[in-house]
Amino acid sequence: ARASLLNRVLARSYATAASPHALVFLEHRQGDLDSASLSALTAASQLGGQVTGLVVGSPEEVPSVVEKAKKLNGLTTLLHSASPQYSTLLPETVSPLLEKLLSQNSPFTHVVSAHSSSAKSILPRVAAKLDVPAVSDITSLEHDAASGSTTFTRPIYAGNAISTVRASSSIPIKFFTVRSTAFAAAGAGDAVESEVKALDSVEVSDAPTEHISTSLTKSDRPDLGVASRVVSGGRALKNAETFQSTLYPLADALGAAVGASRAAVDAGYADNSLQVGQTGKVVAPELYMALGISGAIQHLAGMKDSKLIVAVNKDPDAPIFQVADVGLVADLFEVVPEMVEKLKQ
Ligand code: FAD
């Protein structure tokens, strides 16, 4: 069955190698499209062909998300599938839907998503079932329409090297996930509406996993992943109390999200949802302030693409100053309250 599936996929894609058609997996939360998925849509549009969106979710969520998604710039068609089993995006329940969609003489040459925790589990699983590779966390792409190959770049070794990967024309469907900070979010407009089609869900009765619960960290501050300004604190902040009393007034004065180094998270100063770096979030805001953070490569991996980096550190040799645009050698407990006062004025 797998061989015949692959043959069908191969036969179809050789016929369409010159005209890419991307399927973008559009994730959403509480009725709104995730901004990382909008970046994935921008990346898909750069392939230079048609782009179809796919919205999967519970029957309660899907209709309102479809209303928003069909107005997205760059989408030609919008597919959606609703089922109670899709209320959480478990790879075991969602991937059979994608497999079916990609194996029924579908026109897709690329499958694209944000590099999100759900999609990171779903896309490689489907790719493996179809016996094709998946390229993850790409930061740029170029599609050669003549040969049908697509070339990607992706950071490796915590962002210290960039690897260039070519998915050749012999790969019938090219799967890739997108680093959202490398692509602007696609916008929406009322001028064009994509064609909307409903897909039957593929019910999975014997899923080996079950979603028990989700604990979301609630905050009134801007979301770290998409904020245009981020104020981050490190081990120097001493404890959770001083972390809050020192950093939060500055973040509030700037309308910024709060971030933290892993040392600060591990020491319990900040929630781990705030960790920036290789094993935390990757951010690229307009302004990133690193306060009492030494600038280990694993931290830099998560913030060095920020547009303006401001660092405050007591140690003039701290590595953070090598990436900082503005550096202040000072005790943060003296200068941060001063900055807050000045901003308030
Ligand atoms: P430190 O390195 O201890 O730096 C504290 C800094 O504060 C020093 O530079 C000091 O001069 C300065 N300072 C002290 N007092 C003051 C003061 N009063 N005023 C001003 N400056 C002051 N780290 C991450 O951040 N994110 C990750 O995702 C991550 N992933 C990792 C993954 C792996 C596999 C490994 C091995 C490590 C990872 N790390 C990560 C840890 C990383 O290597 C560093 O240990 C960590 O980033 C250090 O945090 P820090 O800069 O807050 O602490």
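Where does Y157 lie? In this predicted model, Y157 is found in the loop between β9 and β10 (161-167).

## Two residues with positive phi

Y157 is not a glycine, yet its phi is positive, at about 50 degrees. Is Y157 buried or exposed? Its relative accessibility is 65%, and exposed means over 50%, so Y157 counts as exposed.

Q30 is another residue other than glycine with a positive phi, here near 50 degrees. Q30 sits in the loop between β2 (28-29) and β3 (32-33). With a relative accessible area of 69%, Q30 is exposed.

## T151 in strand β9

T151 belongs to strand β9, which covers residues 149-156. The side chain of T151 is joined to the side chain of R166 by a polar contact of 3.1 Å.

Which residues does T151 touch once its neighbours within four places in sequence are set aside? They are S140, L141 and E142, together with T164, V165 and R166.

S194 is in the loop between β11 (174-178) and β12 (195-198). Buried means under 20% relative accessible area, so S194, at 6% relative accessibility, counts as buried. Leaving aside neighbours within four places in sequence, S194 is in contact with A69, K70, L75, T76, T77 and L78. The C-alpha atoms of S194 and N73 are 8.9 Å apart in space, while the two residues are 121 residues apart in sequence.

T214 lies in the loop between β12 and β13 (229-233). Is T214 buried or exposed? At 54% relative accessibility, T214 counts as exposed. A polar contact of 2.7 Å links the side chain of T214 to the side chain of H211. T214 and I173 are 41 residues apart along the chain, and 32 Å separates their C-alpha atoms.

## T246 in helix α6

Helix α6 spans residues 240-254 and contains T246. T246 has a relative accessible area of 8%, so it is buried. A polar atom of the T246 side chain lies 2.6 Å from the backbone oxygen of T242.

Beyond its neighbours within four places in sequence, T246 is in contact with L237, L332, F333 and V336.

## Around the ligand

How many residues are around the ligand? There are 25, and those that come nearest are R235, S261, T279, S294 and N313.

Some distances between ligand atoms and protein atoms can be listed one by one. An N or O atom in the side chain of T279 is 2.6 Å from a nitrogen atom of the ligand. For Q298, an N or O atom of the side chain is 2.7 Å from an oxygen atom of the ligand. G292 takes part through its backbone: one of its backbone N or O atoms lies 3.1 Å from an oxygen atom of the ligand.

## The second largest pocket

The volume of the second largest pocket is about 250 Å³. Its lining is made up of 17 residues, and S261, R262, A263, A296 and H299 are the closest to its centre. Which elements give two or more residues to this lining? They are α7 (262-266) and α8 (297-300). By class, the lining holds ten polar, five nonpolar and two charged residues.

S261 is named both among the residues closest to the centre of this pocket and among those that come nearest to the ligand. A296, also one of the residues closest to the pocket centre, is placed in the loop between β15 (287-291) and α8. Its relative accessible area is 35%, so A296 is partly exposed. Between the C-alpha atoms of A296 and H115 there are 23 Å, and along the chain the two are 181 residues apart.

Conventions
Residues numbered from 1 in each chain as written. Predicted model: local features only at pLDDT ≥ 70, side-chain atom pairs only at ≥ 80, totals over all residues. Heavy atoms only, no water. 1 Å grid on protein atoms, 1.4 Å probe; cavity = no way out; pocket = protein on both sides within 12 Å on 5 of 7 lines; lining within 4 Å. Points joined across faces, edges and corners; volume = space filled by probe spheres on them. Helix = DSSP H or I, 4+ residues; strand = E, 2+ residues; numbered from the N terminus. Nonpolar A, V, L, I, M, F, W, Y, C, P; charged D, E, K, R; others polar. Buried < 20%, exposed > 50% of the residue type's maximum accessible area, 1.4 Å probe, protein only. Polar contact = N/O pair within 3.5 Å; in protein donor to acceptor, adjacent residues only side chain to side chain. Contact = heavy atoms within 4.5 Å. Near = heavy atom within 4 Å.
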